[in-house]
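Q: Hi! I have a protein model open and I'd like to go through it with you. Could you help me read it?

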Amino acid sequence: MWKGPREGKSSILTILDLRDRNYRLAVVNGWLVWLGDTFLNPNIVLSGFAAKLGAPGALIGLLPALLQAGGMIPQAFLAPWVARLPQKIVLYRRVATLRLLGVVLMALSALLFGGSPSLLLLGFLLGLLLNALFTGVSSLPFWEVVAKTTPPERRAALFSARNLVGGLLAFLAGFLVREVLALPLPFPLPYALLFALGALAFGLGWYLFGLTAEPEEPPKEARLDLKAPLKRPEFRRYLRVRLLLGLAGMTEPFYAAYAVRALGKEEELGLYLALYALAFTLSNLLWARMAERGSKGVLQAGALLGLLAPLLALVLPETAFGLVFLLQGAYLAALGLATTTYLLNLAPPEERSASIGLANTLSGLFAFSTVLGGYLADRLGFSALFLLAASFYALALYAGRKLPEEG
């Protein structure tokens, strides 16, 4: 049975101790990326934008799938090349501009093509795809740099620090999103402003992380064996849980679509975004403390809350629908922290690139479950979609019980 590190106690003061330069750059990068993700939140802002544009459910589901899958699927194919680079941060810097160009294209499309829905949608999707594709190129070097510059006992603290303050900033930015969407401007100009703010936050965040002082290591000439992680039973169990969570995620963008189309609550998207960010932020205090005893418990708690969210969406009155987004913020925070730290601690250093690349590529394929979710929502209704997602969260919860403890 695999045993991972559990040493070290975290508090808000230790989590936010930014004296180490590399730690500080990674944390501040996370805060700015949080802001960017708020202005371009795929499950709320982008889904609301597409719903307002009249896009079919499958296309709404495609938006978060492009971002998630584009950021994950290329990793297994890039892993052998990235593993041979003596410094991974160099690749990260080179693709940052291309990622930023994608977001800028989204903003320009919303600014210039409001009178032509087909051109607007085309430019928007191209920008989204460009950003997603090069996110995939930069993700593996990002994780490698974090693993090389952050000791295992500080990794949970690092991501908690990113999420704690970043989530607070996102909570405040949610009210800004609400005000922007309420501006007396024709559609889609408010969204053009949101996309531009996202480009500004992303660009600065990516630039700062690119300043990380990564120690150089000798080039690895040995061929990377992507099958090696699959020979370890603990990795296969982890992968099974990740894939079930990917299928359960088919419902994530459709809480906002349901609010816009079924409840007529488009003006409340900013409030829902703020509630989501608040729950994400505050719950991280709990998840960081739990992660000291191992990420498995955090993953289990996230799967349980994920199971409750679609069930509540079916029974809550529309005046209380914001509770769904509170719950969503809490369980996505748990799952994001747990799946990341568990994988980094699970992978032996010599298999780290292969483990990260393989796990993220396979999980990225299942990100397209949101397209299936959109199809089901159009054909069978939101109720059927929510019930199916709840069943996958239940299966992930059960499968997670078989994961090895971290020590």
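A: Happy to! One term to start with: a residue is called buried when its relative accessible area is under 20%. Keep in mind that this is a predicted model.

Q: Okay, what about Y276, buried or exposed?
A: Y276 has a relative accessible area of 9%, so it is buried.

Q: Which ring does Y276 pair with?
A: The structure holds 27 aromatic pairs. In one of them, the ring centres of Y276 and F280 are 6.1 Å apart. Their planes meet at 45°, so this pair is tilted.

Q: And where do Y276 and F280 lie?
A: Both are in helix α12, which covers residues 269-291. They are 4 residues apart, or about one turn of the helix. F280 is buried too, with a relative accessible area of 9%.

Q: Which residues form the aromatic cluster?
A: One aromatic cluster is formed by Y255, Y258, Y272, F321, F325, F382 and F386.

Q: New topic: how many salt bridges does the structure hold?
A: It holds 3 salt bridges. In one, E214 joins K148, with the closest N and O atoms 2.6 Å apart. This pair links distant parts of the chain, 66 residues apart: E214 is in the loop between α9 and α10, while K148 is in helix α7. Both E214 and K148 are buried.

Q: What about E268, which residue is its partner?
A: E268 forms a salt bridge with R178, and their closest N and O atoms are 3.3 Å apart. E268 lies in the loop between α11 and α12 and R178 lies in helix α8, so the pair ties together parts that are 90 residues apart in sequence. E268 counts as buried because its relative accessibility is 16%, whereas R178, at 29%, counts as partly exposed.

Q: And R232, what does its side chain meet?
A: The side chain of R232 meets E234 in a salt bridge, at 3.5 Å from N to O. R232 is buried at 13% relative accessible area, and E234 is buried at 15%.

Q: Why does V315 count as exposed?
A: Exposed means over 50% relative accessible area, and V315 has 62% relative accessibility, so it counts as exposed. V315 is in helix α13.

Q: Last one: where does pLDDT stay under 50?
A: That happens over residues 1-9. The protein chain averages a pLDDT of 84, and 93% of the residues score at least 70.

How values were computed
Residues numbered from 1 in each chain as written. Predicted model: local features only at pLDDT ≥ 70, side-chain atom pairs only at ≥ 80, totals over all residues. Heavy atoms only, no water. pLDDT = per-residue confidence, 0-100. Contact = heavy atoms within 4.5 Å. Helix = DSSP H or I, 4+ residues; strand = E, 2+ residues; numbered from the N terminus. Buried < 20%, exposed > 50% of the residue type's maximum accessible area, 1.4 Å probe, protein only. Phe/Tyr/Trp six-rings, centres within 6.5 Å; stacked < 30°, edge-to-face > 60°. Salt bridge = Lys/Arg side-chain N within 4 Å of Asp/Glu carboxyl O.
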